Amino acid sequence: MKTVLLVSNPVLHYREKVYNYFTEAFAKDGYQFRVLANEFQQVGYSFAFEHDEIPFSIGAYLKKIKEIQPDFVILFLHLKDVVMVPIILYCRTHGIPVIYWNQGINIRTPDAKLKNALFHGIHRLCDALITYTPEMKKNFPKSCQDRLFIAYNTLNFSGIDKTALPPKEEIKKKYGIKEDKVILYISRILPYKRVDLVMESFRDVENVAVVIVGPGFSQTQQAFCDAHDNLYYLGEKYGDDVNEIYHIGDIFTTPGHIGLAVNEAMFWGLPIVLLKGKHAPEAYYIKDGVTGYFAEDENDYRDYVLNLLKDDTRRAEMSRATLEQYRKEVSIDRMYQGFIDAVRYCEANKK
């Protein structure tokens, strides 16, 4: 069985579940999937994939790759990760096809010419490329488009049984949530994601709870939350605990910026309301006016959320559209397809 080695910077919890799925999927297609990284986030998940955790250094990584002797190497690294170019050069001199997986450039600095030139140089050195959505193709050189594959970036929900969850009222009681309608903010709490806007916009709205989950809640934010009965900060949640929270939601929002939370909200059938602006590639999945809204400003944002909470029929329509969008574009098998296509391309063109 040939080995596909993914070389990564720190592997976060949601990627671990994706790689568990990849392990089984690659095995069915006749490959062993393995991950090499300098850190694996520990949140209680078991790893189905073989993995190696070693110091992030050129010597250590090249030594481990020589030991593993992979047939294909996939790089999930940033430009600042000093191991990337040495690994590419090592693989090229040893006849190992290299696949680069990422957004193509740093989408936060899309006009950085020197940085983009460095990215494009890396693209040209690799045997195949993988990116997140069709919109990302523009970030790669035209000369590389024939070996560029789309792996629709998502999460692995294959082990979740929605029917096994407790009733919504039981979950609300567990967390002391008294309101009928629930606005969810589930993400890391960073200034540009604007959790403060969510709390300020919907504080003390009758019969509407704002439920916040994620790391990074400050003491100031906690004090504001404590001062309003309908605001709830539940800390960090993973696995079954976070599934329960999604189960009670009516609307999902991280207004200033959204990423893979799009996928999770869609899996649970939650309409998504955001501000227009710079979001991660996964915002591609949101169809404005169908599965959610992109608000022009803060007033529009508040109106969209409150009107949607009041209109049960409209919200149910959006929920059905969101679930359908998930089935069409966001499921894990579509993501895997991009990976196996890239590997097979490399195998067919191996020199």
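**A helix and a loop**

Helix α2 spans residues 58-68, and Y61, K64, I65 and I68 are buried in it (buried is under 20% relative accessible area, exposed over 50%, partly exposed in between, with a 1.4 Å probe and protein chains only). Viewed down the axis of α2, these buried residues fall within an arc of 100 degrees, so they line one face of the helix; the arc is that of the directions from the helix axis to the C-beta atoms. An α-helix has 3.6 residues a turn, so residues three or four places apart point the same way.

This is a predicted model, in which local features need pLDDT of at least 70, side-chain atom pairs count only at pLDDT 80 or more, and totals for chains, interfaces and linings use all residues. Residues are numbered from 1 along each chain as its sequence is written, and side-chain values use heavy atoms, with hydrogens and water left out.

The buried residues of α2 pack against β1 (2-8), β2 (31-37), β3 (50-53) and α3 (84-93), where contact means heavy atoms within 4.5 Å. Helices (H or I, at least four residues) and strands (E, at least two) are DSSP runs, numbered from the N terminus. Turned away from the buried side of α2 is a face that carries the exposed residues K63, K66 and E67.

Just after α2, Q69 has a positive phi of about 55 degrees. Most residues other than glycine have a negative phi. The loop between α6 (195-202) and β9 (208-213) holds D204, whose phi is near 60 degrees. D204 is exposed, at 52% relative accessible area. N207 lies in the loop between α6 and β9 and has a positive phi of about 65 degrees; N207 is partly exposed, at 35%.
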